[in-house]
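Let's take a walk through this fold, starting with charges and ending with strand pairing. Have the viewer open as you read.

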Amino acid sequence: STQSTGGTMVKSITVNDKNVDYAVAGEQCIVVLGGIDQTKLYTGNVLCEPQSRIRSTCKFKARMLVFNIELPITKGFPVDLHYQTVNEPAVISRLISTHNKSTGEVLKSKPRCLTKNQVALVEIKCERPICLELSKDNKSLGRITCRYGGNTIAAGMV
């Protein structure tokens, strides 16, 4: 069935190789759209109704566990941010604090760098806005990973 939202039309929806009338939140599906500039669509885009838009941002805070890395992470460190199907260039724009792994207690505010096995609260800036869910709202959708030079260097929660 064809559904219209403003100038954009949903021409078809496919879930598990079957054409369906609808898909529910969280399902992986193929959506064929009409009335939209295809060059404006990217992997990781979120489809929603105009009256209940999903929040998007270029800057957010995340609590991260730094893995076994060779280079320390400093302010301005470039990363490839992975969130669900999104792979976006980003920068660690601010090191806010380091925390105890077990208790979450703040160990140091405004650290100069992050090294292996540290837990830290950081601010991340992306080049383009991305849609994010907070881990307090949806634990599985609030997870991110950061990669550098083809290696995963940190993972955490928004």
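This is a predicted model: local features need pLDDT of at least 70, side-chain atom pairs count only at pLDDT 80 or more; totals for chains, interfaces and linings use all residues.

## Salt bridges

A salt bridge here means a side-chain nitrogen of Lys or Arg within 4 Å of a carboxyl oxygen of Asp or Glu.

In one of them, the side chains of Glu 88 and Arg 128 meet at 2.7 Å, N to O. That pair links distant parts of the chain, with Glu 88 in strand 8 and Arg 128 in strand 11, 40 residues apart. Glu 88 counts as buried because its relative accessibility is 3%, while Arg 128, at 31%, counts as partly exposed.

Glu 123 and Arg 94 also bring their side chains together, at 3.6 Å, N to O. Glu 123 sits in strand 11 and Arg 94 in strand 8, so this pair ties together parts that are 29 residues apart in sequence. Glu 123 is buried at 10% relative accessible area, and Arg 94 is partly exposed at 38%.

Strand 8 (residues 86–99) runs antiparallel to strand 7, joined by seven bridges. Leu 81 stands opposite Glu 88 there. The two strands make a hairpin with two residues between them, and Gln 84 in the turn has a positive phi of about 55 degrees. Strand 12 (residues 143–148) is also antiparallel to strand 7, with three bridges, and Asp 80 stands opposite its Arg 147.

## A positive patch

Lys 59, Lys 61, Lys 75 and Lys 125 form a positive surface patch. Lys 125 lies in strand 11 and counts as partly exposed, at 42% relative accessibility.

Conventions: Residues are numbered from 1 along each chain as its sequence is written. Side-chain values use heavy atoms; hydrogens and water are left out. Patches are made of residues with over 30% relative accessible area and no salt bridge: like charges are joined within 9 Å, nonpolar side chains (Val, Leu, Ile, Met, Phe, Trp, Tyr) within 5 Å. Accessible areas come from the Shrake-Rupley method with a 1.4 Å probe; for residues, only the protein chains shown count as cover. Lys and Arg count as positive and Asp and Glu as negative; His and the chain ends are not counted. The place of a charge is taken as NZ of Lys, CZ of Arg, CG of Asp or CD of Glu. Helices (H or I, at least four residues) and strands (E, at least two) are DSSP runs, numbered from the N terminus. Buried means under 20% relative accessible area, exposed over 50%, partly exposed in between (1.4 Å probe, protein chains only). Two strands pair if DSSP finds at least two bridges between them.
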